[in-house]
Amino acid sequence: MTGKDEAELSRLLRAAIAGDERAYADFLHGIAALVRGFVRRKIVQGGVDPEDVVQETLLAIHVKRHTWRPDAPVLPWVYAIARFKLIDAFRRRGRRIEVEIDEIAETFAEPEAETVSERDINRALDGLPPAQRSVVASISVDGHSIGETASKLGISETAVRVSLHRGLAAIAKRFGRTAT
Amino acid sequence: MRTEDLIKALDADARDEAMPMDRAWWLAVGVAMAIAAMVFFATIGPRPDIMPAMHTMRFMSKFVFTLTLAASAFALIRALSMPGASTRRATAWMIAAPLLVVLAVVLELFVVPEADWGKRLIGSNMMICMSFIPLIGIGPLAIFLGMLRYGAPTRPVLAGAVAGLLAGGLAATFYAAHCFDDSPLFVATWYTVAIAFLTALGALGGRFFVRW
């Protein structure tokens, strides 16, 4: 099953890099489910919300997708990022954990569905400048397209893309660094 | 924000593609070499007798050491900056430069009479060596730490230290063209001290500057 995931997900990411937005959404959904399974099994004590780590990993995968070599397998790359973000989350809460590298390679993460709770990402979103925040919220929470957001806010589509890009980069950078 | 909503935002931002890591690394090394060359030629420059010196084994051996260090550090730092990339082979290659230096030192001890060992070790300008290798290497180090920020090193301190080794290897390559002390005894001692300083600086940079 891991072999199938690997082939399918790397195909999707390659297609996404070639400009296929549908493939990118599918890729992110697949990754979210796998990372969720991985993170939930690693977090046995409380203190860290697994979904926070899932979201932080997705953001990191997005802003760092140029660090994936298209001829390399995608899952080791994904799990290395997830593991790094998981350890980071524990460290911020003053915990030390060890996640063995070898264990990652054999991980058979079961896709899992999300649960809802208070999120670090909301704090990061609230910390954005108003222009970026309204663009990011319009596209994510309200589910508008780039075109709809542009006409709703009365700005150009280019301006929407720039604000979205900068807003996401800022969220990725300050995720979890705000006071908890 | 639900994860579902986050994915919508990431998907809408899919079009903006950054430069692939491998290409960015080659570009960074090119820029770093240009900066190192500028600092080198604007300050100390090559030694006047560089043409005849190029026919001596000792002079040329310095470039073998420094270029081996730079090449192996370059391979390792590229792997370290990409999550999940295997670093095993690149790590093994890091032994090559120290091994060559040790070999050369042993040969030198055989060839040179014991009475001259001290003179060869101290050389004529170790202070210049220890100040100019870091001076030439500091610009490249800053560029490489910036590259680590652009990348995604899961071991930032180690990656920063390797950035210092790479910057040190490049800087020492330029400095070797200036230095009159060609004995492996001198190189093994003072070049190592200078490069170790850049390595420590790189590790510090990795700890405090390379966040992602």
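**Entry 1: domains of chain A**

I looked up the domains of chain A and noted domain 1 (1-117) and domain 2 (118-180); such bounds come from an automatic or database domain assignment. The contact between them takes eleven residues from domain 1 of chain A and ten residues from domain 2 of chain A. I counted two residues as in contact if their C-beta atoms, placed from the backbone, lie within 7 Å. On the side of domain 1 of chain A that touches domain 2 of chain A, α3 and α4 of chain A each supply at least two residues. The largest share of that side, eight residues, comes from α3(A). By class, the side of domain 1 of chain A that touches domain 2 of chain A holds four nonpolar, three polar and four charged residues. Here Ala, Val, Leu, Ile, Met, Phe, Trp, Tyr, Cys and Pro count as nonpolar, Asp, Glu, Lys and Arg as charged, and the others, Gly among them, as polar.

I recorded that this is a predicted model, in which local features need pLDDT of at least 70, side-chain atom pairs count only at pLDDT 80 or more, and totals for chains, interfaces and linings use all residues. Residues are numbered from 1 along each chain as its sequence is written, while chains are lettered from A and ligands numbered from 1 in the order in which they are written.

**Entry 2: chain A as a whole**

I found nine helices and zero strands in chain A. Helices (H or I, at least four residues) and strands (E, at least two) are DSSP runs, numbered from the N terminus. Of the 180 residues in chain A, 38% are buried; a residue is buried if 20 or more other C-beta atoms lie within 10 Å of its own, exposed if 12 or fewer, and partly exposed in between, with C-beta atoms placed from the backbone. Among the contacts in chain A with a separation of 6 or more, 67% join residues 24 or more positions apart.

**Entry 3: chain A against chain B**

I noted 40 residues from chain A and 29 residues from chain B in the contact. The side of chain A that touches chain B divides into 25 nonpolar, nine polar and six charged residues.

**Entry 4: two helix pairs**

I examined α7(A) and helix α8 (residues 146-153) of chain A, which pack at an angle of about 135°, with their axes 10 Å apart. Axes are lines fitted to C-alpha atoms, for helices over the stretch in contact, and angles run from 0 to 180 degrees between N-to-C directions. α7(A) and α8(A) are therefore oblique to each other; angles under 35 degrees count as roughly parallel, over 145 as roughly antiparallel, 65 to 115 as roughly perpendicular and the rest as oblique. In this contact A:S134, A:V135, A:S138 and A:I139 of α7(A) meet A:I146, A:T149, A:K152 and A:L153 of α8(A).

The contact of α8(B) with α9(B) has 19 nonpolar, four polar and no charged residues.

**Entry 5: B:P140**

I located B:P140 in helix α8 of chain B. B:P140 counts as buried because it has 28 C-beta neighbours inside 10 Å. Not counting residues up to four places away in sequence, B:P140 touches B:A32, B:I35, B:A36, B:A167, B:L170 and B:A171.
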